[in-house]
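Here is a friendly briefing to read alongside the model. Please keep the sequence and the 3D view open as you go.

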Amino acid sequence: MKVGIVLSGGGARGISHLGVLKALDEFGVRIDCISGASVGALIGAFYSQGYPPDEILNIILTSRFYRSVRPAWRWTGLLNLESLRDVLLKYIPHNDFESLKIPLVVAATDISHGRTEYFTNGELIPRLLASCCVPAVFSPVQLNGSLYVDGGIMDNLPTKPIRNQCDFLIGVHCNFLCDEFDAKNFRTVIERSLMMAINTNSTHSKNLCDLTIEPEGSGIVSTFDFGKAKELFDIGYQFTKQHFKESDFPK
């Protein structure tokens, strides 16, 4: 039986995906294909490359790739992703979809044509950067004459590209929307609004999954709080181990 997994976007919250993947590894689940948006695409790329979840967390903690940006001072955004490109090249030097050990789909938003594009071949890292390019934070990434931003804008849980390629599809969504909200500043209001929109565009995608894992604890962490990486990893791991068992997954 072919098993696929879809990893949502969500900024720092996406580190909880690593804890989920570790639990699935311990359950003996073998992943045959991966689809991801934004940070989910990044995590998916590292896992597809063959890095185990604990090692990916260590890469995040030691390389501090989330700080690997520098001011761009362009009208299109404050920061660019060139330094992050260098970090990714260090750990995925072949920079090619076809060389990954597990097939990967990367979702990015083509703002030139107003649509989601799903990448499966060619240069990997430019497409990863496009997928995690948060609007108004990073400058859009230009590919083949089009401008791309965060894949989560239109399809934060990209199930469609692999639904028909697998017999059992696992969705991992890290943006659990808590009932309590403290509007302490403008940034938190914007972040809350974005999470509400993302949850809406993920509803149909969740329904396409055979099983959805949505760690509740990840929802209370800010999308930019990468300082809680270890805590988020543990949230994903503990939630999966507590709410699921080996028999819930196909062999």
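Helices (H or I, at least four residues) and strands (E, at least two) are DSSP runs, numbered from the N terminus. This is a predicted model, in which local features need pLDDT of at least 70, side-chain atom pairs count only at pLDDT 80 or more, and totals for chains, interfaces and linings use all residues. Residues are numbered from 1 along each chain as its sequence is written, and side-chain values use heavy atoms, with hydrogens and water left out.

**The chain as a whole**
- The protein chain has 8 helices and 10 strands.
- Of its 251 residues, 57% are buried (under 20% relative accessible area; exposed is over 50% and partly exposed in between, with a 1.4 Å probe and protein chains only).
- Among contacts (heavy atoms within 4.5 Å) with a separation of 6 or more, 73% join residues 24 or more positions apart.

**Two residues to look up**
- Leucine 157 sits in the loop between strand S8 (146-149) and helix H6 (160-163).
- Leucine 157 counts as buried because its relative accessible area is 0%.
- Not counting residues up to four places away in sequence, leucine 157 touches Val6, Leu7, Ser8, Val172, Ser202, Ser205 and Lys206.
- Threonine 109 belongs to strand S5 (residues 104-110) and is buried, as its relative accessibility is 4%.
- Leaving aside neighbours within four places in sequence, the contacts of threonine 109 include Arg115, Leu147, Tyr148, Val149 and Met154.

- Helix H2 (residues 39-49) is mostly covered, with 11 of its 11 residues buried.
- Among the buried residues of H2 are Val39, Leu42, Phe46, Tyr47 and Gln49.
- Just after H2, glycine 50 has a positive phi of about 115°.
- In helix H4 (residues 82-91), the buried residues are Ser83, Leu84, Val87, Leu88 and Tyr91.
- These residues lie on the same side of H4 because they cover an arc of only 140° around the axis (the arc of the directions from the helix axis to the C-beta atoms).
- An α-helix has 3.6 residues a turn, so residues three or four places apart point the same way.

**H1 against H3**
- The axes of helix H1 (residues 16-27) and helix H3 (residues 53-63) come within 8 Å and cross at roughly 160° (axes are lines fitted to C-alpha atoms, for helices over the stretch in contact, and angles run from 0 to 180 degrees between N-to-C directions).
- H1 is therefore roughly antiparallel to H3 (angles over 145 degrees; under 35 is roughly parallel, 65 to 115 roughly perpendicular and the rest oblique).
- Leu18, Leu21, Lys22 and Asp25 of H1 make the contact with Pro53, Asp54, Ile56, Leu57 and Ile60 of H3.
- By class, this contact of H1 with H3 has 6 nonpolar, no polar and 3 charged residues (Ala, Val, Leu, Ile, Met, Phe, Trp, Tyr, Cys and Pro count as nonpolar, Asp, Glu, Lys and Arg as charged, and the others, Gly among them, as polar).

**H3 against H8**
- H3 also packs with helix H8 (residues 229-243), at an angle of about 160° and with the axes 10 Å apart.
- H3 and H8 are therefore roughly antiparallel to each other.
- Pro53, Asp54, Leu57, Ile60 and Leu61 in H3 meet Ala229, Lys230 and Phe233 in H8.
- The contact of H3 with H8 divides into 6 nonpolar, no polar and 2 charged residues.
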